[in-house]
Amino acid sequence: MPRPPQPAALTVLVVDDEAPARNEVAWLLDQDDRVGRVLTASSGTAALAALERESIDVVFSDISMPGLDGMQLARVIRRFTERPQVVFVTAHDTHAVDAFDLDAVDYIMKPVRPERIGEAVRRCLAAGDRDAPASATPEDDETIPVELGGVTRFIPRSDIRWVQAQGDYARLHTPTGSHLVRIPLATLEEQWADAGFVRIHRSTLVSTRHISEIHNDGGRCTVIVDDIELQVSRRHTRHLRGTLLRPRTTTDDG
């Protein structure tokens, strides 16, 4: 017997052109006490029609669909005045950066596991707390002193694209060049985490806001930053994807 909707529970729309996949996601969501209603649509066009009729909190959408695909649907949703959150459910991991750019709350790989659906619901609830008071005013962009030819210059952290470890030093890469500073990479990783810097390799720290592409080729993951390809180690790949898909907050880089 279906359980009754609970107060303040989420209304969710599941979009997938394949009925077995659509029904599986819908069933898993219906088992979650935080979800009140689960609606379904077999295409992007049908999803838009449902969004016009109903007040939807979250859209769980496949990406590869005939006609209006999941990415196109998300772009349309992005123009809504009151837009639902979007979670992608897909068999392909090649759209992660696009999903990040479209403010997707989560990116679930098929076959879908119940715990991943639960985590996506948790992320939606956390990201949907729009009525909470604004956080403290962001701090000013940090400036880093660097020496070049006996002259000390100050570069803003927001200009730094990626950082390379060189022993007890770190090389800061900016659009205009690189600068060597006597700061261990581990220290920068800890101090700059809130500014969107994440470790992708034991010797590399990267600013996620400057990642333009992420590639997966035979299990080898790389990212593109300012047309430079940087390797992502296996142990850091999952953390990087999780960071890219985490709901974004305002940082000192604006």
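Predicted model: local features only at pLDDT ≥ 70, side-chain atom pairs only at ≥ 80, totals over all residues.

Reply: Residues are numbered from 1 along each chain as its sequence is written, and side-chain values use heavy atoms, with hydrogens and water left out.

Me: Why is Thr176 called exposed?

Reply: Exposed means over 50% relative accessible area, buried means under 20%, and partly exposed lies in between (1.4 Å probe, protein chains only). Thr176 has 74% relative accessibility, so Thr176 counts as exposed.

Me: Where is Thr176 found?

Reply: Thr176 sits in the loop between strand E9 (169–174) and strand E10 (177–181). Strands (E, at least two residues) and helices (H or I, at least four) are DSSP runs, numbered from the N terminus. The chain has seven helices and 15 strands.

Me: How much of the chain is buried?

Reply: Of the 254 residues in the chain, 44% are buried.

Me: What makes a group of residues a nonpolar core?

Reply: The members are buried Ala, Val, Leu, Ile, Met, Phe, Trp, Tyr and Cys residues, joined through side-chain atoms within 4.5 Å. The largest nonpolar core here has 21 residues. Leu13, Val15, Val59, Leu73 and Phe88 touch the most other members. Helix H3 (70–77) is one of the elements that give two or more residues to this core. H3 gives the largest share, four residues. Another core, of 19 residues, lies apart from it and includes Leu10, Val12, Val58 and Ala120. In soluble globular proteins, nonpolar side chains tend to be buried together.

Me: Which residues is Leu73 in contact with, leaving aside neighbours within four places in sequence?

Reply: Contact means heavy atoms within 4.5 Å. By that rule, Leu73 is in contact with Val15, Gly44, Ala47, Leu48, Val59, Ser61 and Leu68.

Me: How do you know that E14 and E15 pair?

Reply: Two strands pair if DSSP finds at least two bridges between them. Strand E14 (residues 220–225) and E15 have five bridges, in the antiparallel sense.

Me: What makes E13 and E15 edge strands?

Reply: The open sheet has three strands in the order E13-E14-E15, with antiparallel pairing. Strand E13 (211–217) and strand E15 (228–232) each pair on one side only. That is the mark of the edge strands here.
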